[in-house]
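Colleague: I am new to this model and would like to follow one part closely. Please show me the whole thing first.

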Amino acid sequence: MPLLDNHMHLDPKGKFLEAVKEFMSAGGTHIALVSKPAAVGDYEKQFSEHLKIVKSVEELGVKVLPVFAVHPAEISILTKEYGVERAEEMMKKGLELAGKLVEEGKGVAIKSGRPHYEVSQRIWEASLRIMEHALKIAKDVGCAIQLHTESATEETFKELEEMRKRVGLKEWKIIKHFSPPISNSKDFIARSILASKRNIEKVIQLQRFLIETDYIDDPKRPGAVLGPKSVPRFTQELLKRGYEDLVYVIHKEFPENVYGVDMKDD
Ligand SMILES: [Zn+2]
(Lines give C-alpha, C1' and ligand atoms only; values in the text may rest on other atoms or scores of the structure.)
Protein backbone atom coordinates (compact mmCIF):
# COMPACT_ATOMS: atom_id res chain seq x y z
CA MET A 1 0.00 0.00 0.00
CA PRO A 2 1.50 3.38 -0.99
CA LEU A 3 1.66 6.14 1.61
CA LEU A 4 2.17 9.67 0.31
CA ASP A 5 3.14 12.90 2.05
CA ASN A 6 1.85 15.42 -0.47
CA HIS A 7 4.02 18.41 0.51
CA MET A 8 7.43 18.15 2.04
CA HIS A 9 10.68 20.11 1.72
CA LEU A 10 14.16 18.82 2.43
CA ASP A 11 17.30 20.75 3.10
CA PRO A 12 20.83 19.33 3.06
CA LYS A 13 21.51 21.69 6.00
CA GLY A 14 18.50 20.34 7.93
CA LYS A 15 17.68 16.81 9.06
CA PHE A 16 17.63 15.94 5.37
CA LEU A 17 17.97 12.20 4.75
CA GLU A 18 17.38 11.46 8.45
CA ALA A 19 13.91 12.97 8.00
CA VAL A 20 13.29 10.65 5.05
CA LYS A 21 14.41 7.66 7.10
CA GLU A 22 11.98 8.66 9.86
CA PHE A 23 9.19 8.92 7.28
CA MET A 24 10.06 5.49 5.87
CA SER A 25 10.41 3.83 9.27
CA ALA A 26 6.87 4.99 10.09
CA GLY A 27 5.56 3.41 6.86
CA GLY A 28 5.87 6.23 4.32
CA THR A 29 6.60 5.27 0.70
CA HIS A 30 6.06 8.40 -1.46
CA ILE A 31 6.95 12.07 -1.06
CA ALA A 32 5.74 14.99 -3.18
CA LEU A 33 8.98 16.90 -2.71
CA VAL A 34 8.66 20.64 -3.21
CA SER A 35 11.75 22.72 -4.05
CA LYS A 36 12.85 25.39 -1.56
CA PRO A 37 13.62 28.98 -2.62
CA ALA A 38 17.27 28.46 -1.61
CA ALA A 39 18.58 30.96 -4.20
CA VAL A 40 15.89 33.62 -4.55
CA GLY A 41 15.11 34.45 -8.18
CA ASP A 42 17.67 31.98 -9.56
CA TYR A 43 15.41 29.19 -10.68
CA GLU A 44 18.01 27.34 -12.71
CA LYS A 45 19.97 26.96 -9.50
CA GLN A 46 16.93 26.19 -7.31
CA PHE A 47 15.74 23.44 -9.62
CA SER A 48 19.12 21.87 -10.32
CA GLU A 49 19.74 21.75 -6.54
CA HIS A 50 16.29 20.22 -6.17
CA LEU A 51 17.04 17.49 -8.70
CA LYS A 52 20.17 16.59 -6.75
CA ILE A 53 18.13 16.34 -3.56
CA VAL A 54 15.51 14.22 -5.34
CA LYS A 55 18.25 11.83 -6.46
CA SER A 56 19.72 11.34 -3.01
CA VAL A 57 16.28 10.82 -1.50
CA GLU A 58 15.37 8.24 -4.12
CA GLU A 59 18.56 6.35 -3.34
CA LEU A 60 17.09 5.60 0.08
CA GLY A 61 14.28 3.71 -1.65
CA VAL A 62 11.45 6.18 -1.26
CA LYS A 63 9.49 7.24 -4.37
CA VAL A 64 9.67 10.96 -5.08
CA LEU A 65 7.14 13.08 -6.92
CA PRO A 66 9.25 16.17 -7.67
CA VAL A 67 7.48 19.53 -7.59
CA PHE A 68 9.17 22.67 -8.95
CA ALA A 69 8.10 25.73 -7.02
CA VAL A 70 8.26 29.44 -7.63
CA HIS A 71 7.36 30.56 -4.15
CA PRO A 72 4.88 33.48 -4.13
CA ALA A 73 6.76 35.26 -1.32
CA GLU A 74 9.78 35.65 -3.56
CA ILE A 75 8.04 38.59 -5.21
CA SER A 76 8.58 40.76 -2.13
CA ILE A 77 12.32 40.05 -2.02
CA LEU A 78 12.79 40.37 -5.78
CA THR A 79 10.79 43.60 -5.96
CA LYS A 80 13.11 45.25 -3.42
CA GLU A 81 16.08 44.41 -5.57
CA TYR A 82 14.78 44.70 -9.12
CA GLY A 83 11.39 46.43 -9.02
CA VAL A 84 8.04 44.76 -9.45
CA GLU A 85 8.05 44.51 -13.26
CA ARG A 86 11.36 42.70 -13.41
CA ALA A 87 10.35 40.53 -10.44
CA GLU A 88 7.20 39.44 -12.28
CA GLU A 89 9.20 38.64 -15.38
CA MET A 90 11.75 36.57 -13.44
CA MET A 91 9.10 34.54 -11.68
CA LYS A 92 7.20 33.87 -14.90
CA LYS A 93 10.43 32.66 -16.47
CA GLY A 94 11.00 30.45 -13.44
CA LEU A 95 7.58 28.88 -13.90
CA GLU A 96 8.29 28.29 -17.58
CA LEU A 97 11.45 26.44 -16.59
CA ALA A 98 9.46 24.45 -14.01
CA GLY A 99 6.97 23.47 -16.72
CA LYS A 100 9.77 22.48 -19.07
CA LEU A 101 11.30 20.19 -16.45
CA VAL A 102 7.96 18.47 -15.93
CA GLU A 103 7.58 18.10 -19.68
CA GLU A 104 11.00 16.42 -19.75
CA GLY A 105 9.76 13.95 -17.15
CA LYS A 106 11.90 15.30 -14.33
CA GLY A 107 8.95 16.14 -12.12
CA VAL A 108 5.20 15.74 -11.78
CA ALA A 109 3.97 19.22 -10.89
CA ILE A 110 4.75 22.89 -10.58
CA LYS A 111 3.92 25.18 -7.68
CA SER A 112 2.81 28.78 -7.64
CA GLY A 113 0.35 30.93 -5.73
CA ARG A 114 -0.04 34.39 -4.28
CA PRO A 115 1.18 36.04 -1.07
CA HIS A 116 -0.51 34.86 2.12
CA TYR A 117 0.37 38.18 3.78
CA GLU A 118 -0.53 41.84 3.19
CA VAL A 119 1.17 43.32 0.08
CA SER A 120 0.84 46.49 -1.99
CA GLN A 121 -1.75 46.65 -4.76
CA ARG A 122 0.99 46.51 -7.42
CA ILE A 123 2.56 43.39 -5.94
CA TRP A 124 -0.84 41.76 -5.51
CA GLU A 125 -1.79 42.39 -9.13
CA ALA A 126 1.59 41.14 -10.37
CA SER A 127 1.14 38.03 -8.20
CA LEU A 128 -2.25 37.34 -9.74
CA ARG A 129 -0.73 37.56 -13.21
CA ILE A 130 2.10 35.23 -12.19
CA MET A 131 -0.39 32.71 -10.80
CA GLU A 132 -2.53 32.87 -13.95
CA HIS A 133 0.63 32.34 -16.01
CA ALA A 134 1.44 29.29 -13.88
CA LEU A 135 -2.05 27.85 -14.40
CA LYS A 136 -1.65 28.26 -18.16
CA ILE A 137 1.70 26.49 -18.07
CA ALA A 138 0.13 23.61 -16.13
CA LYS A 139 -2.63 23.46 -18.72
CA ASP A 140 -0.15 23.41 -21.63
CA VAL A 141 2.08 20.81 -20.02
CA GLY A 142 -0.94 18.84 -18.79
CA CYS A 143 0.38 18.62 -15.25
CA ALA A 144 -0.84 19.34 -11.76
CA ILE A 145 -0.17 22.60 -9.96
CA GLN A 146 0.09 23.13 -6.24
CA LEU A 147 -1.02 26.55 -5.05
CA HIS A 148 0.15 28.39 -1.97
CA THR A 149 -2.31 31.18 -1.12
CA GLU A 150 -3.86 33.01 1.82
CA SER A 151 -5.93 30.72 4.08
CA ALA A 152 -8.69 29.37 1.93
CA THR A 153 -12.40 29.77 2.56
CA GLU A 154 -15.43 28.55 0.57
CA GLU A 155 -15.03 31.79 -1.38
CA THR A 156 -11.39 31.02 -2.30
CA PHE A 157 -12.36 27.62 -3.67
CA LYS A 158 -15.11 29.20 -5.74
CA GLU A 159 -12.57 31.66 -7.15
CA LEU A 160 -10.00 28.91 -7.88
CA GLU A 161 -12.66 26.83 -9.60
CA GLU A 162 -13.55 29.79 -11.82
CA MET A 163 -9.86 30.24 -12.67
CA ARG A 164 -9.54 26.53 -13.43
CA LYS A 165 -12.43 26.70 -15.89
CA ARG A 166 -11.25 29.93 -17.46
CA VAL A 167 -7.77 28.54 -18.11
CA GLY A 168 -9.15 25.17 -19.20
CA LEU A 169 -7.29 23.02 -16.67
CA LYS A 170 -8.70 19.54 -16.15
CA GLU A 171 -10.53 18.57 -12.97
CA TRP A 172 -8.35 17.97 -9.89
CA LYS A 173 -5.22 19.46 -11.49
CA ILE A 174 -5.20 22.36 -9.04
CA ILE A 175 -4.08 21.39 -5.57
CA LYS A 176 -4.65 23.80 -2.72
CA HIS A 177 -1.62 23.33 -0.48
CA PHE A 178 -2.23 23.84 3.26
CA SER A 179 -5.94 23.50 2.69
CA PRO A 180 -8.61 23.64 5.35
CA PRO A 181 -10.74 20.47 5.45
CA ILE A 182 -13.60 22.04 3.49
CA SER A 183 -15.78 19.70 1.38
CA ASN A 184 -15.36 19.84 -2.39
CA SER A 185 -18.87 19.01 -3.45
CA LYS A 186 -19.01 22.23 -5.49
CA ASP A 187 -15.63 22.32 -7.24
CA PHE A 188 -12.76 20.24 -8.59
CA ILE A 189 -9.92 21.72 -6.56
CA ALA A 190 -7.90 19.06 -4.76
CA ARG A 191 -7.40 19.77 -1.06
CA SER A 192 -4.03 18.96 0.44
CA ILE A 193 -4.75 18.92 4.15
CA LEU A 194 -2.35 19.14 7.07
CA ALA A 195 -1.90 15.82 8.89
CA SER A 196 -2.63 17.29 12.30
CA LYS A 197 -4.70 15.37 14.84
CA ARG A 198 -7.40 18.01 14.97
CA ASN A 199 -8.14 17.42 11.27
CA ILE A 200 -9.04 13.73 11.71
CA GLU A 201 -12.68 14.30 12.62
CA LYS A 202 -13.09 16.67 9.68
CA VAL A 203 -11.38 14.65 6.94
CA ILE A 204 -13.47 11.55 7.57
CA GLN A 205 -16.41 13.51 6.21
CA LEU A 206 -14.62 14.11 2.89
CA GLN A 207 -14.65 11.82 -0.11
CA ARG A 208 -11.21 12.66 -1.38
CA PHE A 209 -8.22 14.77 -0.41
CA LEU A 210 -4.45 14.62 -0.19
CA ILE A 211 -2.51 14.74 3.03
CA GLU A 212 0.66 16.65 3.85
CA THR A 213 3.01 17.86 6.57
CA ASP A 214 4.56 20.91 4.86
CA TYR A 215 7.71 19.70 6.64
CA ILE A 216 10.21 22.52 6.02
CA ASP A 217 13.39 20.91 7.36
CA ASP A 218 14.64 24.25 8.65
CA PRO A 219 17.56 23.82 11.05
CA LYS A 220 16.65 27.18 12.63
CA ARG A 221 13.07 26.19 13.27
CA PRO A 222 13.03 22.52 14.32
CA GLY A 223 9.50 21.48 15.15
CA ALA A 224 8.02 24.61 13.53
CA VAL A 225 5.73 22.38 11.52
CA LEU A 226 4.64 18.78 11.58
CA GLY A 227 7.42 16.18 11.65
CA PRO A 228 8.09 13.61 8.91
CA LYS A 229 6.20 10.83 10.70
CA SER A 230 2.94 12.77 10.84
CA VAL A 231 1.32 11.50 7.62
CA PRO A 232 2.03 7.82 8.42
CA ARG A 233 0.64 8.36 11.95
CA PHE A 234 -2.43 10.17 10.68
CA THR A 235 -3.01 7.31 8.25
CA GLN A 236 -2.62 4.71 11.01
CA GLU A 237 -5.27 6.54 12.99
CA LEU A 238 -7.66 6.45 10.00
CA LEU A 239 -7.05 2.71 9.62
CA LYS A 240 -7.60 2.12 13.32
CA ARG A 241 -10.96 3.80 12.98
CA GLY A 242 -11.88 1.60 10.03
CA TYR A 243 -11.45 4.03 7.12
CA GLU A 244 -9.58 1.62 4.80
CA ASP A 245 -11.44 2.79 1.71
CA LEU A 246 -10.64 6.43 2.40
CA VAL A 247 -6.98 5.58 2.97
CA TYR A 248 -6.92 3.83 -0.42
CA VAL A 249 -8.39 6.94 -2.04
CA ILE A 250 -6.00 9.45 -0.46
CA HIS A 251 -2.79 7.49 -0.99
CA LYS A 252 -3.46 5.63 -4.24
CA GLU A 253 -6.52 6.49 -6.32
CA PHE A 254 -6.60 10.25 -5.88
CA PRO A 255 -2.83 10.93 -6.23
CA GLU A 256 -2.87 8.83 -9.42
CA ASN A 257 -5.71 10.92 -10.74
CA VAL A 258 -4.17 14.26 -9.71
CA TYR A 259 -0.58 13.65 -10.80
CA GLY A 260 -1.13 11.11 -13.58
CA VAL A 261 1.39 8.75 -11.99
CA ASP A 262 1.34 5.11 -11.04
CA MET A 263 1.42 4.90 -7.23
CA LYS A 264 3.28 1.61 -6.97
CA ASP A 265 4.87 0.77 -3.67
CA ASP A 266 7.25 -2.01 -4.71
ZN1 LIG B 1 5.85 24.35 1.48
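Please start with strand S5 (residues 144-148). Are the residues of S5 buried or exposed? In which sense do S4 and S5 pair? Then go on to other parts of the chain.

Modeller: First, two ground rules. Residues are numbered from 1 along each chain as its sequence is written. This is a predicted model, so local features need pLDDT of at least 70, side-chain atom pairs count only at pLDDT 80 or more, and totals for chains, interfaces and linings use all residues.

Now S5. Strands are DSSP runs of E with at least two residues, helices are runs of H or I with at least four residues, and both are numbered from the N terminus. Five of the five residues of S5 are buried. Buried means that 20 or more other C-beta atoms lie within 10 Å of a residue's own; 12 or fewer means exposed, in between means partly exposed, and the C-beta atoms are placed from the backbone. So S5 is largely enclosed by the rest of the structure. Look at its two faces. Ala144, Gln146 and His148 point one way. Ile145 and Leu147 point the other way. All of these are buried.

Next, the partners of S5. Strand S4 (residues 109-113) pairs with S5 in the parallel sense, over five bridges. Two strands count as paired if DSSP finds at least two bridges between them. Find Gly113: its bridge partner in S5 is His148. Between S4 and S5 the chain passes through helix H5 (residues 121-141), and this β-α-β crossover is right-handed. To check the hand, point the strands away from you: the path from the first strand over the helix to the second runs clockwise.

Strand S6 (residues 174-179) is also paired with S5, parallel again, with three bridges. Here Leu147 has Lys176 of S6 as its bridge partner. Stop in the loop between H6 and S6, where Trp172 sits. Trp172 is not a glycine, yet its phi is positive, about 70°. Trp172 has 19 other C-beta atoms within 10 Å, so it is partly exposed.

Now go back to the strand S1 (residues 4-8). All five of its five residues are buried, so S1 too is largely enclosed by the rest of the structure. S1 pairs in parallel with strand S2 (residues 30-34) over three bridges. Leu4 has His30 as its bridge partner in S2. The chain runs from S1 through helix H1 (residues 17-25) to S2, in a right-handed β-α-β crossover.

Turn to H1 itself. Ala19, Val20 and Phe23 are its buried residues here. They lie on the same side of H1, because they cover an arc of only 100° around the axis. The arc is that of the directions from the helix axis to the C-beta atoms. An α-helix has 3.6 residues a turn, so residues three or four places apart point the same way. On the other side of H1, Glu18 and Ser25 are exposed. The cover over the buried residues of H1 includes S1, S2, helix H2 (43-58) and helix H8 (230-240). Cover is judged by contact: the C-beta atoms of two residues, placed from the backbone, lie within 7 Å. After H1 comes Gly27, with a positive phi near 115°.

The expected span is 1.5 Å times one less than the number of residues. Its buried residues include Met90, Met91 and Leu95. Among the elements that cover the buried residues of H4 are S4 and H5. Gly105 follows H4, with a positive phi near 85°.

Last, helix H9 (residues 244-259). Its 16 residues should span 22 Å, and its end C-alpha atoms are 22 Å apart, which agrees. H9 still has a kink of about 40°, centred on Ile250. That bend is the angle between axes fitted to the seven residues ending at a residue and the seven starting there. Ile250 is one of the buried residues of H9, along with others including Phe254 and Tyr259. Just after H9, Gly260 has a positive phi of about 65°.
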